[in-house]
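Visitor: I would like a close look at one part of this model. Please take a single contact between two chains and go through it in detail.

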Amino acid sequence: MKQHHGMTSIVKNTARLVSGFIAVFGLYVALTGHLAPGGGFAGGVILAASGVLIVLAFGRRFSAKVITDRAVHIADAAGAGVFLLVALLGFLAGAFFANFIPTGEPHHLKSGGAIPISNLAIFVKVGAGLLGAFMALSAFRLTSKESKT
Amino acid sequence: MDALVPLLVVVPFGAAFILVALANLPGLARRRAEGGESAGDLASAPGPRRHRVLSLLACAAVLANFIIALALLRADIGHIYVGGWGDEKSALGIELVCDGLAKLMVVIINMVALVSIIFSWSYMRRFTKVWLFEALFLLMTGAMNGVVLAGDLFNMYVFLEIAAISSYALVAFGCEAEELEAAFKYLILGTVGSAFILVGVTILYSLTGHLNMAKVHELLPAVGQTSPAVLLAAAALLGGLALKAAMVPFHAWLPDAHPSAPAPISAMLSGVLIKAAGIYALARIVFNVLGPTTEYAAILMALGVVSMVVGMFLALGQQDFKRLLAYSSISQAGYIVLAFGVAAHLLATGGDRNIAGLCIFGGLFHLFNHAAFKSLLFLSSGSIEQQTGTRMLKEMGGLTRRMPVTSFCCRIGALSIAGVPPLNGFFSKLIIIIGLALAGQLVLAAIAAGVAVGTLLMYVKVQRYALEGEPSGAAANAREAPAMMCVGLVLLAVVCVVAGLALLPLRDVVFGPAEDVLLGAAGKLTGGLTP
Amino acid sequence: MGIAIYMLAFALLVVGIYGVIAKRNVIKIILGILIIDYAVNMLLVLVGYRRDGVAPILSEGQDAKAWAATSVDPLPQAMVLTSIVIGLGLTALMVAMAIRLYQKYGTFDMNEIRKLKG
């Protein structure tokens, strides 16, 4: 890695240390979505934020190798697909989107039936989608016809 | 049968996600080329074989949807509560409503979608990343199904937005300067419209404490039909939806957006999106949520007449084939809204319900017909553009000899939109005009008849320049469009012919129940006048 | 007092519409759209507001009935969340289109972005 890709090594090392924790925090927010404020979307945004940090610190060239377009697309589609699947599995319990897993005791992590699964699916979908959108936007170069010279 | 209803939304959405995943799965694709980024991008494009599989998947999903829609037509479907935790009393759950009107709309949407996706099999080959197009197309189709099935206001708004966002992206799909400009304009205006719809929904929720349409309708009289808050909500909703339906004061985006899109998308946008997201929602809100009053009826009638007349005059002056078709969409949509407006007026003033029914029937039939022939015309304009490389009418000519199938289908579409007797457009316009006359709106009936003549002129011009005469420079090298495109065109042409002939059976099976939905709720409101 | 806060939301809405209509810069138009978005979101939250209400989260050991009598309306908050998600998608699309427009036209000025008639 040449120095002119991304920011200084201080930023890179900090980002390397911190981004994992940010991602785990996102997972936490998504996992406890059925108990406390938060949920799949908020968690996914936090996950994407950790990715954005990597992109900013290490530059697009490097991060595009780690976070490929293809992986983002697949994760995005898989998240949405699992969410739909959970909705369809509701037919097992009689109706579309019905909760087909025993709901368990309220206020415990293991409760809510299919809701945590949906939350996780949304977590993956939003994280991948938002990160993908950010990567795609950062790929643009703002060069116009006039300013090319 | 009830279990099939959510599938109308699930199948296209699921297919879209699977499509995206499959297109990006490594393995079957060509080996990643060595070297820089651009080569990597190239390698990640799926190979031609996988392209075909993906297109087939998209076609299969839409076909499955169409079959479900047809199967639902005769089915007796009760209330469907998503998650199974709602009931009629509390109306707390999210409800899917599959009544007569929704069934009709679902059939129309999936019919046009099926034809468009068949057409795009060959048409879209010149673009890269066709799978993205197909995924967006499926999202748009599923979202439109969602719009017509949604039983509560907020879900209707969400599905409207999904359909709208996919359509913005689809209009810009070619990424040329004009397309981007049109899409940006469409995006800005569409978003403002959606914001107003959400304002209206919010106010109605704050007034009644419900989002379920039937429940809101039930509780609104207690608030007062003419209280300022209700009127504000109505203004926001009608304004926003009129923008989505491209009624004339709000039409600025349509003549740019519809022609700029790829032809199958133009067909979808003009054929069904402005109807599902605009006219259908408008009718639902006015008839089944707010309840028809003379004020709303007057607004609908005014929007309808102005769109009809202005759209026709603007279309007459166009030289660009697709632009002409887009303006003519505004004009034809005006017919539908006008018919609904007169029906609402009759219902509000306690007029004859049979005549109101006739007007609604005319409007719905015209909606169906317009979906068929406008899609047909847009698709044929697409294949003409692909073969001749021009959209200007004057540069075409003599296409009858060069492209017999396309021009035959195009001619059927043009004749039927112009209202030539044995075809469907004639009957729907006739019914609307008779309905208007019987309702005592003789001036409106005369205007409608006049606009029909104008439409005839407009399409005579199309025939004259594009199809007749000697082949011009652009048309000289034109050949018949690929088979899949012709199949799409022929299917729609058959629909145009058959719908005109099978008017009466269709009324019993399809349009009658849809008519009752719009009439029925109003019956409750005005104290259950029996027909 | 009660109505004034709603007026604030509508005032914000009007500011956004002004931005969309009067400004000719693509970025400013996008900002106008975002202001409209937030105005509507604010209206939604306000609709569910209740004076001295508590957050609509049932914590352990709380009586559900008593909680329901004091909490604010949770439904508009769910709607706001949905609306924010839609806004996010729209923003991404708008920004992407703005960048593409810049690449094609070399300007953000809507007066110069008019290859189409009308």
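Guide: What follows describes the interface of chain C and chain A, with a short note on chain B at the end. The model is predicted, and the values below are computed from it.

The contact draws on 16 residues from chain C and 14 residues from chain A. Between them, chain C and chain A bury about 1400 Å², and 72% of that area comes from carbon and sulfur atoms. On the chain C side, C:Ile99, C:Tyr102 and C:Gln103 provide 31% of the area that chain C buries against chain A, more than any other three residues. Sorted by class, the side of chain C that touches chain A consists of 10 nonpolar, three polar and three charged residues.

As for chain B, UniProt, in an unreviewed entry, lists residues 150-448 as "domain: NADH:quinone oxidoreductase/Mrp antiporter transmembrane". Over that range chain B is 81% helix and 0% strand, with 32 Å between the end C-alpha atoms.

Over all chains the structure holds 19 aromatic pairs. One of them joins B:Tyr168 and B:Tyr186 edge-to-face, at 4.9 Å centre to centre and 85 degrees between the planes. B:Tyr168 lies in helix 6 (residues 153-171) of chain B and B:Tyr186 in helix 7 (residues 177-208), 18 residues apart.

Technical notes. Residues are numbered from 1 along each chain as its sequence is written. Chains are lettered from A and ligands numbered from 1 in the order in which they are written. This is a predicted model: local features need pLDDT of at least 70, side-chain atom pairs count only at pLDDT 80 or more; totals for chains, interfaces and linings use all residues. Side-chain values use heavy atoms; hydrogens and water are left out. Contact means heavy atoms within 4.5 Å. Buried area is the accessible area (1.4 Å probe) that two parts lose on being put together, summed over both. Ala, Val, Leu, Ile, Met, Phe, Trp, Tyr, Cys and Pro count as nonpolar, Asp, Glu, Lys and Arg as charged, and the others, Gly among them, as polar. UniProt positions are given in the numbering used here, feature names are shortened, and annotations may be inferred rather than shown by experiment. Helices (H or I, at least four residues) and strands (E, at least two) are DSSP runs, numbered from the N terminus. Rings of Phe, Tyr and Trp (its six-membered ring) pair if their centres lie within 6.5 Å; planes under 30 degrees apart count as stacked, over 60 as edge-to-face and the rest as tilted.
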